[in-house]
Amino acid sequence: MCNMCFKIDKISTTTTFTVQYKDCIIVVKNVPCLECSVCGEILFSNDVSEKLEKIIEVAKKLLQEVAVIDFARAA
């Protein structure tokens with residue numbers, strides 16, 4: 001169920017997840033998600049959320065100005 005409009009109709013797709021950490025920008029592309037077909041809210045499964053957290057932790061250790069990571073290759 002969508003957390004924004006409380007509709008059930010969702011579409012499986014991929015998205016780009018971006019987070020800023022200190023002076024770095026970490027971009028994870030091709031992240032599997034569900035998108036609400038009504039309002040566009042993006043939802044991640046628990047499994048994807050856990051993998052994203054691990055990817056971000058590894059990227060933080062690299063401390064580059066910009067890190068672009070492909071989810072499928074890193075997960």
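The largest nonpolar core has 10 residues: Ile26, Val28, Val31, Val48, Leu52, Ile55, Ile56, Ala59, Ile69 and Phe71. Helix H1 gives the largest share of this core, with five residues. The model is predicted. Its chain has two helices and four strands.

**Overall layout**

- Read along the sequence, the elements follow the pattern β-β-β-α-β-α.
- The C-alpha trace spans about 40 × 20 × 15 Å along its principal axes.
- The chain has 75 residues, and 25% of them are buried.
- Take the contacts between residues at least 6 apart in sequence: 52% of these join residues at least 24 apart.

- Strand E2 (24-36) and H1 each supply at least two residues of the core.
- Ile56 is one of the core residues.
- Leaving out residues up to four places away in sequence, Ile56 touches Phe17, Val19, Ile26 and Val28.
- Two of those partners, Ile26 and Val28, are listed in the core as well.
- In soluble globular proteins, nonpolar side chains tend to be buried together.

**The aromatic pair**

- The count of aromatic pairs comes to one.
- Phe17 and Phe44 form this pair, and its geometry is edge-to-face.
- The ring centres are 6.0 Å apart, with 80° between the planes.
- The pair links distant parts of the chain, as its members are 27 residues apart.
- Phe17 lies in strand E1 (residues 10-21), while Phe44 sits in the loop between strand E3 (42-43) and helix H1 (46-62).
- Phe17 is partly exposed, because its relative accessible area is 27%, between the 20% and 50% cut-offs.
- Phe44 is also partly exposed, at 27% relative accessibility.

**A buried charge**

- Asp70 belongs to strand E4 (residues 66-70).
- Asp70 is buried but has no salt bridge.
- The nearest side chain of opposite charge belongs to Arg73, 4.4 Å away.
- Beyond its neighbours within four places in sequence, Asp70 is in contact with Lys29 and Asn30.

**The cysteines**

- A disulfide is a covalent bond between the sulfur atoms of two cysteines.
- The structure holds zero disulfides.
- Cys24 is buried, with 9% relative accessibility.
- Cys36 is buried too, with a relative accessible area of 2%.

Notes
Residues numbered from 1 in each chain as written. Predicted model: local features only at pLDDT ≥ 70, side-chain atom pairs only at ≥ 80, totals over all residues. Heavy atoms only, no water. Buried < 20%, exposed > 50% of the residue type's maximum accessible area, 1.4 Å probe, protein only. Lys, Arg positive; Asp, Glu negative; His and termini not counted. Salt bridge = Lys/Arg side-chain N within 4 Å of Asp/Glu carboxyl O. Contact = heavy atoms within 4.5 Å. Phe/Tyr/Trp six-rings, centres within 6.5 Å; stacked < 30°, edge-to-face > 60°. Core = buried A, V, L, I, M, F, W, Y, C linked by side-chain atoms within 4.5 Å. Disulfide = S-S within 2.5 Å.
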